[in-house]
Amino acid sequence: MLIPQYLYNWILSLHIISVIAFMAGTMYLPRLFIYHTETEPGSKESERFKLMEKRLLKQIVNPSLFLSVFFGLLLSSYPGIFDLSEKWVWIKIIAFIGLLFMHVLFVKHYKNFQNDKNRKSARYFRRCNEIPFIFMIIIVIMVVVKPF
């Protein structure tokens with residue numbers, strides 16, 4: 001164990017807070033992309049969306065992702081928290097990798113919008129908006145219910 005047992009609840013609380021912030025930002029960013037697709041590149045509205053997307057990604061999503069991983073790794077150092085021989089742990093890890101993939105994809109789209117090179121439709125981003133929610137459901141069920 002890397003850290004004292006009496007800090008467990010604090011670390012768990014900080015992990016949950018950072019995960020909530022990450023998920024909120026991850027689910028809002030594609031909504032901004034949807035609205036951004038409806039603007040003319042270079043317009044005042046488009047530039048406003050660029051700023052909103054940048055602030056959301058750089059000030060909320062990226063830091064909260066880092067903190068989620070950091071506190072999650074600290075939690076995993078506690079004995080008995082999870083066992084890699086259990087299936088639920090691996091399903092959770094796979095779902096988290098899926099969330100990371102979506103994050104990387106959203107960063108790619110963010111850069112395209114920043115450079116006025118978006119080629120995706122609002123419909124595409126509506127579908128992208130649902131995927132992190134599905135991964136979140138899987139993760140929560142795996143951690144709380146541990147069905148496997």
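Which residues of the largest nonpolar core touch the most other members? Hi everyone, let's start there, and please keep in mind that this is a predicted model. The answer is F22, L29, F33, L57 and F106, out of 23 residues in that core. Four helices, α1, α2 (44-76), α3 and α4, each give two or more residues to this core. The biggest contributor is α3, with 8 residues.

Let me stay with L57 for a moment. Setting aside neighbours within four places in sequence, L57 is in contact with L29, N62, P63, H103, V107 and Y110. There is also a second, separate core, made of 7 residues, and I3, Y8, F71 and Y78 are among them.

Now for the helices themselves. Take α3: it has 28 residues, which at 1.5 Å a residue should span 40 Å, and its end C-alpha atoms are 41 Å apart, so the two values agree. Just after α3 comes D116, with a positive phi of about 55°.

Which α4 residues are buried? They are A122, F125, C128, N129, P132, I139 and M142. The cover over these buried residues includes α1 (8-37) and α3 (87-114).

Over in helix α1 we find A21. Is A21 buried or partly exposed? Its relative accessibility is 27%, and the cut-off for buried is under 20%, so A21 counts as partly exposed. Not counting residues up to four places away in sequence, A21 touches I60 and S64. If you'd like a sense of distance, A21 and L32 are 11 residues apart along the chain, and their C-alpha atoms are separated by 16 Å.

Last stop, the largest pocket. How much space lies in it? About 910 Å³. There are 29 lining residues, and those closest to the centre of the pocket are H15, G72, K92, I139 and V143.

Definitions and conventions
Residues are numbered from 1 along each chain as its sequence is written. This is a predicted model: local features need pLDDT of at least 70, side-chain atom pairs count only at pLDDT 80 or more; totals for chains, interfaces and linings use all residues. Side-chain values use heavy atoms; hydrogens and water are left out. Buried means under 20% relative accessible area, exposed over 50%, partly exposed in between (1.4 Å probe, protein chains only). Contact means heavy atoms within 4.5 Å. A nonpolar core is a set of buried Ala, Val, Leu, Ile, Met, Phe, Trp, Tyr and Cys residues joined through side-chain atoms within 4.5 Å. The expected span of a helix is 1.5 Å times one less than its number of residues. On a 1 Å grid over the protein atoms alone, a cavity is a set of points where a 1.4 Å probe fits but cannot get out, and a pocket is an open set with protein on both sides within 12 Å along at least five of seven lines; lining residues have an atom within 4 Å of a point. Grid points are joined across faces, edges and corners, and a volume is the space filled by probe spheres set on the points.
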